[in-house]
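Open the model in your viewer and keep the selection panel at hand. The stops below go from the ligands to the sheet, then to the loops.

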Amino acid sequence: MPKLLVDNKEIEVKEGTTLLQACLDNGIYIPNLCYLESMDDPSASCRMCFVEIEGEEKPITSCTVTVKDDMVVKTDTLSVRRLHRTAFRLLLSVHHVDCKNCHVNKKCELQRIAKYLEVGLKPKHLEQHLKEPDIDQDHPFLDYYPNRCVLCGKCIHICRKKHGQSVLTFAKRGFDTVISSYGKNDVSSLACEKCVVCVDICPVGALILKEAQE
Ligand code: SF4
Ligand code: SF4
Ligand code: FES
């Protein structure tokens, strides 16, 4: 089993483990939003999980690296922190922060990351670009909040894993990208009423069962 040194702590993990997973399993937190252990091919889209690895020229996303014996890793250098904060600020620039009225208040990964990075959720001088409308109610059982979504893709992955194909998908492009269902008339959406794995896996409050809001 590979042994590595992370922030001067020696850890030993199973061959084939991603560096991010190895750290999380050993009580070393690295901010992350788009990684799930069951993903074969992590999208690395949130750009949050940077670390420094000895011998590498630049910081690297820990969810895309597999552990190697004798790896030496730092998770909290100045340049790593700078990257974490920049990625986080970018996420906040498209996020409608309204925690008091959000069903995941106090259980939200963005709140956890803000605390970890010692930054506020409403930074001064941050230019915001929000999508319209603020809510998509097209699905028969779920409501979706595009301005809370971090586009991590976990909901799509978990739905596909459970049902063989996903009721949810990415739609549109660039800034306009959203998660979309196939609409009210899609029969596959009917399975959602008794499932909601997507709601549970969402790291923020972007998906909610309609009935939970009534
Ligand atoms: S998703 Fe998190 S940060 Fe956003 S409003 Fe909800 S609790 Fe606040
Ligand atoms: S709805 Fe939630 S789980 Fe799905 S992409 Fe958005 S943030 Fe991720
Ligand atoms: S968790 Fe690694 S890039 Fe998102």
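Start with ligand 1: the space it takes is the largest cavity. A cavity here is a set of points, on a 1 Å grid over the protein atoms alone, where a 1.4 Å probe fits but cannot get out. A molecule sits in one if more than half of its atoms lie within 2 Å of its grid points.

This is a predicted model, where local features need pLDDT of at least 70, side-chain atom pairs count only at pLDDT 80 or more, and totals for chains, interfaces and linings use all residues. Residues are numbered from 1 along each chain as its sequence is written, chains are lettered from A and ligands numbered from 1 in the order in which they are written, and side-chain values use heavy atoms, with hydrogens and water left out.

**Ligand shells**

Select H95, H96, D98, C99, C102, V104, N105, C108, Q111, V204 and G205: they surround ligand 1. Each has a heavy atom within 4 Å of it. By class, five are nonpolar, five polar and one charged. Ala, Val, Leu, Ile, Met, Phe, Trp, Tyr, Cys and Pro count as nonpolar; Asp, Glu, Lys and Arg as charged; the others, Gly among them, as polar.

Move to ligand 2. Its shell has 13 residues, of which C149, C152, G153, C155 and C202 come nearest. Here 12 are nonpolar, one is polar and none is charged.

**The sheet**

Next, show the open five-stranded sheet, ordered β2-β1-β5-β3-β4 with mixed pairing. Its edge strands, β2 (9-12) and β4 (60-61), each pair on one side only. Strands (E, at least two residues) and helices (H or I, at least four) are DSSP runs, numbered from the N terminus. Pairing takes at least two DSSP bridges.

Zoom in on β1 (residues 3-6), which is antiparallel to β2 and joined to it by four bridges. L5 has E10 as its bridge partner in β2. The two strands form a hairpin with two residues between them, and D7 in the turn has a positive phi of about 50°.

Now take β3 (residues 50-53) and β5 (residues 72-74), an antiparallel pair with two bridges. I53 is partnered by V73 in β5.

**Two loops**

Select R47, in the loop between α1 (19-25) and β3. Its phi is near 60°, positive in a residue other than glycine.

Finish at P133, in the loop between α3 (109-117) and β6 (142-144). A cis peptide bond joins E132 to P133, with omega about -5°.

Terms used:
On a 1 Å grid over the protein atoms alone, a cavity is a set of points where a 1.4 Å probe fits but cannot get out, and a pocket is an open set with protein on both sides within 12 Å along at least five of seven lines; lining residues have an atom within 4 Å of a point.
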